[in-house]
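Subject: Structure handover

Hello,

Here is the structure I promised you. Please open it first, then read my notes below.

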Amino acid sequence: KLHSEKIQLFETNRPDTPVPQKERILYLDILRGIAILFIFLANIKILSGVYFMSDAQRLSMNTATLDYVLRVLDFLLVDGKFYSVFSILFGIGFAVQYQRMKNDDSVFVPFFMKRMTGLLLIGAIHLFLLWLGDILTLYALLGFLLISFRHLTNKKLLIWAAILLFMPVLHWLTMYFTNTFYPADLAGRFFELAGRILSKESTDGLGSDFSLPAYFSITNFSTWMEINLTMPLMRLSRILMEGRAFKVLGLFLIGIYAGRQILENDLLSNTRLIKKIMWWGLVFGLPMNLLRTWVAFGSENEGAMSDFLEYVLNFLALTPMALAYCAIVALIVTRRKAWLNWFAAIGRTALSNYLFQTIISISFFYGIGLGYAFSYGFSFSVLFVLIVFTLQILFSSLWLRYFRFGPVEWIWRQLTYAKVISLKRSGS
């Protein structure tokens, strides 16, 4: 009870920080809203089936040329960068919450563990029942581990971040030289289980010839749900193969460092430093991303060398560009915040909007919904994202006029505090 009362006290009292709380939260909300838009754009390739199209299917589209140009631009400017931004934001949020609770471990640790438990529950529902691309479960699991880094000095945070960001390269090299690509075994196990489910229960005429493209054709809801329950095997295989847990944890640590600089050193008012971050991120990150894009789209290399280059370039290209994007948004918010202010409502309801994007996309593209997967090229998927996101801006802005939190944020908050919390605004 004492912990609960102390948490509520720190939650309601604004911390004494160099940067005005309102301005700081506005920047974080705007950046989070922008990240949600581009994460949706990255995810839609999977959700719409575009990622699984054959070259022949892509060339058969009336929009084939535009699709190709947009895919290249997406890979160059979006792919991998905005989940990196979102991971950095998670670390900043960790630092802000810890400071808000006066660095009191007796209050913060149980609070944050409850918070991660709630996020893990929400993420598991998303992962097991809806979509294999869920990021919430991984964030929650790594969040438990993140607690152990809270006392590190800034220098040690950055050292650990660099080590963790490089770990996927070392991990791949270890698998290559020992010839033990163990994540592939998990993927094989998934396809085996999914094939059995189809051959036993499917009414879609797919037999046991399961593939991820065939997954979009399933119209039997119970079969689709049963296969979804095995999907975490595929997700785990992908996470292990990419070494994504290392990368995300490393980005969390960068976020903690950035959060400390925001709270303690007035980072968001230091325009000169923010410009340096932007230019260094672009000068180093953009050429690396151009090379990464050439390897993916223009290079004829295949096999081990191509895979190795992919991992090395991911290490060199993604984080600098993510930091540059964070800096660009900070500069715009400082000078012309009205240009981006409409992202803030999305940022305040980011969890809800992230989950609703999955539900809307499944309803439109999957066989259990309207079944439009593989019907259109990537340019249509981009248009779909822009339409849905515009509607989400309107809905979120209207929702926040009457309610204090997004709907899923409200559930998450109640899971954290283990009590009923009022959703409506006072007097609404």
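Predicted model: local features only at pLDDT ≥ 70, side-chain atom pairs only at ≥ 80, totals over all residues.

Residues are numbered from 1 along each chain as its sequence is written, and side-chain values use heavy atoms, with hydrogens and water left out.

Now the details. Helix α8 covers residues 154-178 and helix α15 covers residues 304-336. Their axes come within 10 Å and cross at roughly 175°. Axes are lines fitted to C-alpha atoms, for helices over the stretch in contact, and angles run from 0 to 180 degrees between N-to-C directions. Helices are DSSP runs (H or I, at least four residues), numbered from the N terminus.

Which residues of α8 meet α15? They are A162, L165, F166, P168, V169, W172, L173 and Y176. On the α15 side are A304, D307, F308, Y311, V312, F315 and T319. The residues of this contact divide into 13 nonpolar, one polar and one charged. Nonpolar covers Ala, Val, Leu, Ile, Met, Phe, Trp, Tyr, Cys and Pro; charged covers Asp, Glu, Lys and Arg; the others, Gly among them, are polar.

**P168**

P168 sits in helix α8. P168 is buried, at 4% relative accessibility. (Buried means under 20% relative accessible area, exposed over 50%, partly exposed in between, with a 1.4 Å probe and protein chains only.) Its C-alpha is 6.4 Å from that of E242, 74 residues away along the chain. Leaving aside neighbours within four places in sequence, P168 is in contact (heavy atoms within 4.5 Å) with E242, G243, F246, K247 and Y311.

**Aromatic pairs**

How many aromatic pairs does a search of the whole structure find? It finds 41. Rings of Phe, Tyr and Trp (its six-membered ring) pair if their centres lie within 6.5 Å; planes under 30 degrees apart are stacked, over 60 edge-to-face, the rest tilted.

F82 and Y325 form a stacked pair, 5.0 Å centre to centre with 15° between the planes. F82 is in helix α5 (residues 81-100) and Y325 in helix α15, 243 residues apart. F82 is buried at 7% relative accessible area. Y325 is buried too, at 15%.

W172 and F308 form a tilted pair: 5.9 Å centre to centre, 40° between the planes. W172 lies in α8 and F308 in α15, so the pair ties together parts 136 residues apart in sequence. Buried or partly exposed: which is W172, and which is F308? W172 is buried at 4%, while F308 is partly exposed at 26%.

Ring pairs also link Y51, F52, Y215, F216, F221, W224, Y366 and F374 into a cluster.

**Two positive phi angles**

N179 has a phi near 55°, a positive value in a residue other than glycine. N179 lies in the loop between α8 and α9 (183-201). N179 is exposed, with a relative accessible area of 63%.

A418 also has a positive phi, near 55°. A418 is in the segment after α19. At 68% relative accessibility, A418 is exposed.

Best wishes
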